[in-house]
Each structure stands twice: as structure tokens, then as C-alpha cells.
Amino acid sequence: MQRNGRSRQDQEHGEGGLATDDRPPALRRWGHFTAARPRLMIWAGVLLAVAGLVLAAGAMDRLVLSRFESPGSESVKTRAVLEKEFGEGTPSVLLMVTARQGTVDDAPVAAAARELEEELALRDGVADVASYWSRDGSPTLRGRDGKQALIIAGMGGTVTEARTELATISPEFTRDEELFTVRVGGGDEIFRQVAEQSRQDFLRAEMIVFPLVLLLLFAIYRRFAAAALTLGMGLFSVITTLALMHLVTYVTEVSTFAANLALVMGIGLGVDYSLFVINRFREELRLGRPVPEAVAYTVGSAGRTVTFSGLTVLVSLSCLLLFPFPFLRSFAYAGVGTVLTAVFAALVILPAALARLGHRVARKGPAGNSRTSEGWWHRTALRMMRHPLRYGVPALAVLLALAAPVLGLTFGTPDERVLPEGVSSRVVQQEIRDNFAAEEMDAVQVLRRGQAGTAANSAEIEATALALSRIPEVHQVDALTGSYADGGRIAEPSAAAERFGHEKDTWYSVVATHEGLNHDVDRLLSDIRKTAAGEGEGPDQVRIGGYPAELADFRAQLVDRLPLVLGLVLAVTFLVLFLMTGSLLLPAKATLLNALSLGVMFGALVWIFQEGNLSGLLGFTPTGTIEPSIPILMFCVAFGLSMDYEVLMLSRIKEEYDRTGDTLGAVATGLERSGPLITSAAVIMAASFATYASSGVVFLKMLGLGMVAVILIDATLIRAVLVPVLMRLAGRANWWAPKPLRAVHRRWGLSETEPAATETAEAAGATVR
């Protein structure tokens with residue numbers, strides 16, 4: 001049958017349908033352009049890859065480290081006031097001195113320790129130093145057995161400068177001397193070693209991922225040319241993403257951990273999109289099209305799907321920019337760069353390479369109409385749709401059971417247990433937990449504005465210090481007037497107490513017990529604030545700082561922004577899917593199914609990392625809580641990848657529905673064409689993320705295992721069972737939208753299918769099944 005003088009064959013590809021002005025769609029015209037100039041496109045890709053490699057080589061040295069802090073928060077402002085007015089920073093590094101014989105109070109040990117303190121104070125990057133000996137024997141700086149004591153220090157400059165300097169200081173001050181041993185610890189040392197471990201994991205992952213993915217691709221294609229080409233597109237995405245991240249570092253901070261995401265996402269998306277494009281190219285060749293025409297039709301159809309898919313992933317990851325934390329924003333830069341470079345490779349370099357390789361990437365066998373094949377996915381989809389409740393209810397029950405642990409999700413703060421056992425800073429911190437009554441490094445800094453730190457206010461200052469010391473979770477309070485514990489003074493003021501005095505303000509160091517810091521820190525900080533403020537005083541007069549307050553402010557602002565980010569991700573992806581399908585139900589179904597797969601992911605995180613199941617096998621120490629920023633990152637990544645698979649599948653279903661108007665047949669045929677691809681892409685993506693399951697850093701281990709869980713569940717129970725079941729139950733409602741929205745879709749829909757063809761399909765759908 002002819003329409004507008006053209007054959008039905010030109011209409012049956014959805015994307016390949018005629019535009020109303022008899023011109024081929026824009027993407028097909030682009031396909032013709034690349035097929036006619038393959039050398040130009042390939043050389044452009046090679047030059048970009050070489051330039052990217054040069055920039056990527058220096059990227060790791062430009063990436064920075066971040067602390068868990070919220071810019072502009074009360075705790076950060078308090079730290080700035082303490083540094084400006086009192087010259088007092090937040091200690092972040094410590095030296096643990098352990099006497100070989102006797103105690104740390106013995107005169108020879110004390111003298112040598114003071115010399116060690118002076119030596120540390122003279123090092124570049126060290127802003128201020130104090131110790132058990134220079135603070136007149138403060139109990140919080142001395143171990144219970146008297147054999148250990150601490151030297152604490154604050155580092156100047158940025159966190160990257162501080163930890164870079166620590167890379168030199170740490171080995172130099174790790175000593176075994178005649179009188180004592182010295183070990184380095186503290187927050188900056190812990191996370192310096194975390195970053196060092198993550199770099200090693202990045203290099204190990206590179207060595208594993210590329211050969212592993214190449215083997216998997218060869219198993220899928222049975223053609224080395226196709227496998228190498230697909231891996232090349234992933235490698236191009238990784239290299240150029242790292243190059244883009246290098247450029248971004250000249251504008252803003254980018255975290256070193258973002259490189260880990262760039263590696264697995266670059267390989268994953270580059271391979272995903274290449275699989276889809278090459279598979280479509282093979283279909284076109286089997287239909288008997290010449291290579292240039294096959295390239296054009298491939299770009300016109302698969303290219304549109306890749307564009308939609310990239311847009312959904314980009315939206316999800318871009319929402320990380322809404323968080324005011326350089327750490328999370330860095331993952332947005334890496335994710336957006338990965339999407340852009342993977343889509344570029346799939347639409348520019350890959351079509352040109354296919355035009356050159358031609359039948360060398362084709363399946364073996366005679367040409368023919370690939371639409372007539374009815375394989376495992378086709379039969380499975382029909383079986384699911386014939387008995388939707390028989391298969392759908394058990395699948396839903398399994399997913400809900402796997403997701404159930406998420407109900408016990410508890411957010412907490414990270415500590416040294418993110419590192420493997422035996423790492424030096426973790427060993428030091430564990431000894432502090434075991435042998436010290438409290439952690440001086442984690443003192444809460446209470447700033448009283450408008451209360452001059454002078455002798456004239458000594459009575460009021462002492463009253464406040466006594467009140468603070470009565471809080472059950474407080475071990476010791478240090479102030480201008482001395483040290484206090486359990487509602488009484490335990491030490492007279494000394495020269496070390498002068499650091500609390502200023503002509504306008506004063507401050508208190510409130511050292512909490514281990515139990516106070518490990519349980520409800522927010523309640524403890526609230527009690528400290530209320531006690532320090534007293535009755536009738538405004539909240540602005542008391543400000544809270546210190547490491548516990550910085551972590552609490554970080555977590556609070558993270559959670560406050562979460563509803564906005566989740567809402568925006570859901571709304572924008574819903575809009576994109578509506579513009580693609582013209583349906584209200586299909587985006588809603590996609591959102592619901594993605595929520596189920598994400599629930600499974602978070603359930604796995606809680607069951608494994610919070611509750612500690614499999615901790616011995618996986619080699620980590622559970623803390624009973626989960627640090628919140630990593631799950632939020634995983635939500636955005638996993639949601640984007642789930643929508644990636646949704647778009648790949650829906651595009652084939654909708655294309656078949658537009659051609660036939662038969663919903664059930666479209667689902668079965670669409671799954672037959674996209675199911676093997678989605679499964680293959682999922683296996684490769686899961687294998688890429690799984691390389692981090694053996695990481696020594698719990699954060700990366702969580703990312704690896706959580707993403708493996710969500711990808712595999714999404715590509716199996718979700719796509720193979722629940723998608724056909726729900727579409728069967730919805731029937732004609734799958735494609736429903738109110739008349740005003742149908743008009744919006746006709747005007748603004750992201751589709752190049754001929755409107756007349758779509759209308760014919762909609763009319764046919766009214767009478768089919």
C-alpha cells in the first residue's frame with residue numbers, strides 16, 4: 001500500500017516514517033551525512049580522543065578532596081569566627097604517643113613528647129597544635145591506663161592542601177622511638193587514606209573492567225569487530241568525560257571520587273548505546289538495505305532512542321547540582337559528562353564506523369525480515385500477558401520482600417570503619433574508643449556571642465560551664481575559668497585556658513562521651529545549645545561548631561533538599577516520557593516500577609551494610625547506620641539507568657504499536673527486540689559496578705553492590721514480568737491521555753514519527769484486543 005507516493009516499508013520503522021513535508025526526519029538525514037563522510041567523522045573522533053587523553057592524563061591531579069560540611073551552615077560560620085577571633089581551628093589530625101614503659105607522665109616521655117609537638121608545629125600546613133602535656137594534663141587527652149596520650153593539630157589551607165601535606169607528614173611521624181611509638185590518626189588522616197584507597201580501586205577497576213567487558217561483548221556479538229567497536233565507544237566516553245572534568249576543575253571543585261563513577265558509567269552507557277545502535281544496524285542489514293541506507297535508518301530510529309535515554313539519565317544526575325555540597329555536585333559533573341560523551345559517540349563516531357565496517361559487524365546468516373522472529377522474550381511476554389495475575393502477584397511479592405528492610409533505614413555519620421581493618425588511622429581510632437574516656441578531636445565548640453571572655457564575666461562563664469558539664473552525655477567542659485565534669489570543677493584555669501577569651505565573645509569546648517556521639521547526636525547538640533543559651537536569651541547568641549555539629553548540619557541540609565531533588569527527578573522524567581509516548585499511564589508505570597527496583601536496592605543496602613549481614617564475607621565492619629550522601633547519589637544514578645532501560649524498551653514497543661495498533665503484539669515484539677539487549681547491557685553494567693564490590697572503602701563497596709542489585713532486578717523481574725503484566729492489565733489505557741494533552745503531544749512531542757501514522761495506530765487500538 002502506498003502513501004504520498006512512498007512504500008509502506010518506509011513507514012514501518014516509526015522513526016523512519018515520513019515527515020509531513022516529505023523530507024526524511026532530521027536524525028535520518030544526519031545518518032545519511034555520517035554514512036557519506038565516514039573518514040571525516042572517524043578522524044574527528046580520533047582527534048577528540050587524543051585531545052581528551054592529554055587532558056584526562058592530568059585530571060586526577062586536579063581533582064580535590066572534600067569534607068562532610070555544609071557551606072554557609074552555622075557550624076561552618078562558627079569555625080570561621082573561632083579562627084578569626086580566637087585563632088582556634090577545628091583539630092583534624094592527631095599523633096598517638098604510646099609509652100614503651102611506664103606512663104606518659106614520666107619526665108623523659110613528657111620531655112620527648114613536647115619536642116615532638118614542637119616539631120609538628122613547625123611543619124608546613126600545620127596551623128595549630130596542642131597536646132596532653134601543653135594543656136596541663138587534660139584528662140580527655142590521656143588514655144585510661146596512662147600509657148597513651150594525644151597530640152592534636154589543625155591543618156591550614158584547603159582540605160586538598162591539608163591532606164596533600166599529610167601524605168608527607170604521616171609517614172614521617174609514624175615512628176618507633178626508644179621511649180614511645182607514634183601513630184597518626186584523626187579525621188583528615190582517615191579520609192586521606194580513604195581517597196588513597198579509592199585511587200587504587202580506580203586503577204584496579206580499570207585493569208579488570210576493560211578486558212572483562214571485551215570478553216562479554218565478544219560472547220554477545222560473536223564478532224570481534226563489533227565487540228572492539230562497542231568497547232571503543234565506552235573507552236571514548238571515559239576518556240573524554242575525565243577530560244571534561246579536568247576543564248571543570250578550573251571553574252569549581254571536583255571530588256576525586258567522581259572519577260570512579262566516570263569509569264563505570266562511561267563504560268556502561270557507552271556500551272548500552274552501542275549495543276542498541278549496532279543491533280538496529282544488523283536488523284536493517286538483514287532487511288536487505290545497502291550499508292549507507294542501513295546506517296541512515298539506524299540513526300533515525302536507534303539514534304532517537306539513545307537521545308531520549310541520554311536525556312532521562314542526564315536529568316537524574318543533573319539534580320545532584322541542587323545539593324550545595326561539592327562532593328555530590330562532583331558526581332553530577334561526572335554523570336552529565338558521561339551522558340553527553342556516550343550519546344556523542346553513539347550518534348557521531350559509531351555510525352561512521354559502521355559505514356566503514358559494513359557487513360563485518362552483521363550477524364551470520366541470510367538476509368530476511370527480522371520482524372518475524374518469535375524467540376524466548378516474545379514467548380515469555382505472551383505467557384505473562386495470558387496469565388497476568390499468576391505471574392505478576394508472585395513477582396511483586398518477591399520485590400516487596402527484598403525491599404522490606406528499607407523500612408529500618410537509619411542515617412548516620414561516617415567514621416574510621418569505612419576503611420578496612422588494619423589500616424593505620426582506623427587502628428588509632430579504635431584504640432581511642434577502647435582506651436580513652438572521650439574524644440577530644442570531636443569536641444563540640446560552643447560560641448557565646450556578646451559575652452566577653454574576660455575576668456569580669458568569670459562567674460557567668462563558670463555557671464554556663466557547670467551547667468554544660470551536667471548534661472549526661474558530656475564528659476568534660478573546658479572554658480576560660482577551668483575544666484568541669486559532672487557539675488564540678490576538675491581543674492583550675494591555666495595558660496591553655498586563655499584561648500577561650502576575647503574582648504567580645506567567649507567559647508566553650510564540650511567533649512562528649514563515646515556513647516553520646518554514637519547515638520542521638522542531634523539531641524545532644526540541642527541540649528548543649530539550650531543549656532548554653534540559658535533562659536531569655538536569643539538563639540543568635542549561641543552558635544554551635546566542631547566536627548559533630550558540622551556532620552549534623554551536613555546531614556540536615558542533605559535531608560532538607562532531598563524532597564526537592566526527588567520531586568524534580570520524578571517530574572522531569574515523567575515529562576520526558578510523556579513527550580516520547582503521548583501517554584499518562586506509561587510514565588506513571590515507569591515511575592512505579594523504578595520505585596520498586598530502587599526499593600530493592602535500598603533494602604539490600606540496609607540488610608547488608610546497616611544490619612551487617614554478609615559483612616564477614618564482604619570484608620567490612622557494619623556501623624548500624626548508613627551515611628546519607630551515598631544512597632542519594634545511588635538513587636540518582638540508579639533512577640537514571642532504570643529509565644535508560646525503560647526508554648530502550650518503550651521505544652521498541654511504541655514503534656510496533658504505531659505500526660500495528662496492537663498493544664499485546666507490540667509488547668511481545670518490543671520485548672523480543674529490546675529484551676536481549678537490555679539483559680546484555682545490564683550484565684555488562686553490573687559487571688562494571690561489581691569491580692568495586694571488592695573495594696577497601698565501604699562507600700565504593702556500597703555503590704558497587706547496590707547498583708548490581710538494582711540493575712539485575714530491573715532487567716529481570718521488572719522488564720520480563722511486571723512490564724508485560726501491567727501493560728496487559730491496562731490494555732487501551734496504556735496510550736490514554738486527555739484531549740488537551742494529546743494536542744500538547746502532537747505539538748511538542750519528542751517524536752519524528754509521521755502524525756498520520758500515529759493517528760492510524762490510535763484508531764486501530766480502539767478495536768484491537
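These legends describe an overview and several close-up views of a predicted model.

The C-alpha trace spans about 100 × 50 × 45 Å along its principal axes. Of the 769 residues, 59% are buried. Take the contacts between residues at least 6 apart in sequence: 79% of them join residues at least 24 apart. The chain exposes about 29,500 Å².

**View 1. Four residues make a nonpolar surface patch.**
Trp43, Val46, Val50 and Val54 form the patch, which covers about 410 Å². Trp43 is found in helix 2, a run of residues 38-57. The relative accessible area of Trp43 is 55%. Trp43 therefore counts as exposed, since the cut-off for that class is over 50%.

**View 2. Tyr132 and Trp133 form an edge-to-face pair.**
The structure holds 12 aromatic pairs. In the pair of Tyr132 and Trp133, the distance is 5.6 Å centre to centre, with 80 degrees between the planes. Tyr132 is buried, with a relative accessible area of 7%. Trp133 is buried too, at 7% relative accessibility. Both values fall in the buried class because its limit is under 20%.

**View 3. Trp376 and Trp377 also meet edge-to-face.**
Their ring centres lie 5.2 Å apart. Their planes stand at 90 degrees, so the pair is edge-to-face; the cut-off is over 60 degrees. Trp376 is partly exposed, with a relative accessible area of 48%. Trp377 is buried, at 12% relative accessibility.

**View 4. Three phenylalanines form one aromatic cluster.**
The members are Phe257, Phe327 and Phe331.

**View 5. Arg28 lies over the face of Tyr297.**
The distance from Arg28 to the ring centre of Tyr297 is 4.2 Å.

**View 6. Arg175 lies over the face of Phe173.**
Here the ring belongs to Phe173, and Arg175 is placed at 4.6 Å from the ring centre.

Technical notes
Residues numbered from 1 in each chain as written. Predicted model: local features only at pLDDT ≥ 70, side-chain atom pairs only at ≥ 80, totals over all residues. Heavy atoms only, no water. Patch = residues over 30% accessible without salt bridge, like charges linked within 9 Å, V, L, I, M, F, W, Y side chains within 5 Å. Areas by Shrake-Rupley, 256 points an atom, 1.4 Å probe, with all protein chains shown as cover. Salt bridge = Lys/Arg side-chain N within 4 Å of Asp/Glu carboxyl O. Helix = DSSP H or I, 4+ residues; strand = E, 2+ residues; numbered from the N terminus. Buried < 20%, exposed > 50% of the residue type's maximum accessible area, 1.4 Å probe, protein only. Phe/Tyr/Trp six-rings, centres within 6.5 Å; stacked < 30°, edge-to-face > 60°. Lys NZ or Arg CZ within 6 Å of the ring centre and 35° of its normal. Contact = heavy atoms within 4.5 Å.
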